[in-house]
Amino acid sequence: RALAQDGQLTCLGNEHLYYPPGVSFFYAPAFWTGDRPFLLLSIFQRLASILVMLCGYRWLRQWLNRDRSILIIALFLFNMSTWGYYLRFLSEMWFCALLFGLAVIYHMLYQAMDQKQLGKAWAWALLSIPMLGWLILTRVVGVFIAGGLGLSLLAACLSWKCRKRWAHGLAIAVLLNALGGAFACGWISYEKSLAEAQQERTYTNHAFEHQQDQSSFQILTDNVHRRINTVGRLVVPGLFRTYAEDGHWLNALMLLYVPLSLLVLWGYIRLIRHNRDALVWMVPLYVGMYLIWPYGQGTRFFIPIFPVILLSLYKVVETKKWCNTLLIVMLITHMIVTVGRVASEYPKQIQRHQRWPAIDALVEHIHKIDQVDPSQQIVTRDIDSDITGMIKFAADRPVELGRSYQQVAAPDYLIISQNATVPDGYSFEFVVEKLLMVKRNVKP
């Protein structure tokens, strides 16, 4: 919104964004039409899902026939985790559209190299540079697709007898990895400078601080546990919100998730053995990154490599007569779960949407507060996180989400449920439709 209306890369008035801004460029045109272009944003999101479908299908066709390619890309799109992120304006859909598009381009690049069409290979490489930059500025881990291409070309060089192809293949790999590294390091340095200027922390700071008291072995085992949970939650229908708590290896769920992850690993080894695909070769680098990153974030981190996970499972059963039946049963089951979940959530979303007038009234009062002192800190307590997000969006200013107001030292204002008890040290400020704002008493 700030990019479209003010031409600035800010979020809620803050120059420190905490995340790469690439996805903002996809959504910004919608805000040329107004402050709340929700329908247009939904259309843009649908466009992203169509691009994911087309690029994912084209990428799968290098291994599979039409029917099985359709089944696997449908398994990806109708998975509850994918659908859940699709329904929110997060970076997943556009990141996957760019990633799968690059995977197709790099497949064409490799084919050109393999057929000794060096000029064509360079054309594909140069064409990919803007997309690679946009991918990395959407999510920095996108840099690993360049690493995957580099590894696949290095592996191919072992079978190529022509030194000229070696030289060109290595030159392309070095160029794209150098540019990818420059994009990634450039953003990380820029974000760090903004954070330091405003005396704030980055996600990287939080990650290392979170693990500073842990041994390397504990960090590794905890993250392996998290990623095994993620694979199980993605693949098994209905378990998208069911996981074992960190470090609980003896949880009953792990009896299902561990063997399933081992099957994925076995299938992946079979997949990569005679394969030179950049997305497939990206996976070790990508997963390696998340074996040192201490956050689970539901299933978000593995959504971009979910097609490779599905393809790896397919490699385990591809010779079985019941392979197609298994894929169809999985697809139907996932669709039933997804449709049921979305249908159950729809009335709640309608109710939230109907609260905009009350939120607008509350935000109007917040603006009056900001006219006096814009530095006042506002925190919600025991309020739905979506309602908190709506307040922040409407007010265009930070509003902290707190389960307990003590989490933020003496906030100036609290927004609580109208029926909640006013905390000690606070007095009535404003009320509208189940939302009560209280103000901290200033001691003389």
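Begin with the whole protein chain of this predicted model, and colour the charged residues: the mean positions of its 41 positive and 30 negative charges lie 15 Å apart. Still with everything selected, switch to a cartoon view, in which the chain shows 17 helices and five strands. The radius of gyration is 24 Å, close to the 22 Å that the globule rule gives for 444 residues, so the chain is as compact as a globular protein of that length. If you turn the model along its principal axes, the C-alpha atoms fill a box of roughly 85 × 50 × 45 Å. A surface view covers about 22,300 Å² of accessible area, 61% of which belongs to carbon and sulfur atoms, while 48% of the 444 residues count as buried.

Next, select Asp 382, which you will find in the loop between strand S1 (378–381) and helix H17 (385–395). Its phi is near 55 degrees, a positive value in a residue other than glycine.

Follow the chain through helix H17 to Asp 396, which sits in the loop between H17 and S2. Asp 396 also has a positive phi, of about 55 degrees, although it is not a glycine, and because its relative accessible area is 38%, this residue counts as partly exposed.

Finally, select Leu 401 in strand S2 (residues 400–402). Leaving aside residues up to four places away in sequence, Leu 401 touches Thr 380, Ile 383, Ser 385 and Thr 388.

Methods. Residues are numbered from 1 along each chain as its sequence is written. This is a predicted model: local features need pLDDT of at least 70, side-chain atom pairs count only at pLDDT 80 or more; totals for chains, interfaces and linings use all residues. Side-chain values use heavy atoms; hydrogens and water are left out. Helices (H or I, at least four residues) and strands (E, at least two) are DSSP runs, numbered from the N terminus. Contact means heavy atoms within 4.5 Å. Buried means under 20% relative accessible area, exposed over 50%, partly exposed in between (1.4 Å probe, protein chains only). The radius of gyration is taken over C-alpha atoms; the globule rule is 2.2 Å times the number of residues to the power 0.38. Accessible areas come from the Shrake-Rupley method with a 1.4 Å probe; for residues, only the protein chains shown count as cover. Lys and Arg count as positive and Asp and Glu as negative; His and the chain ends are not counted. The place of a charge is taken as NZ of Lys, CZ of Arg, CG of Asp or CD of Glu.
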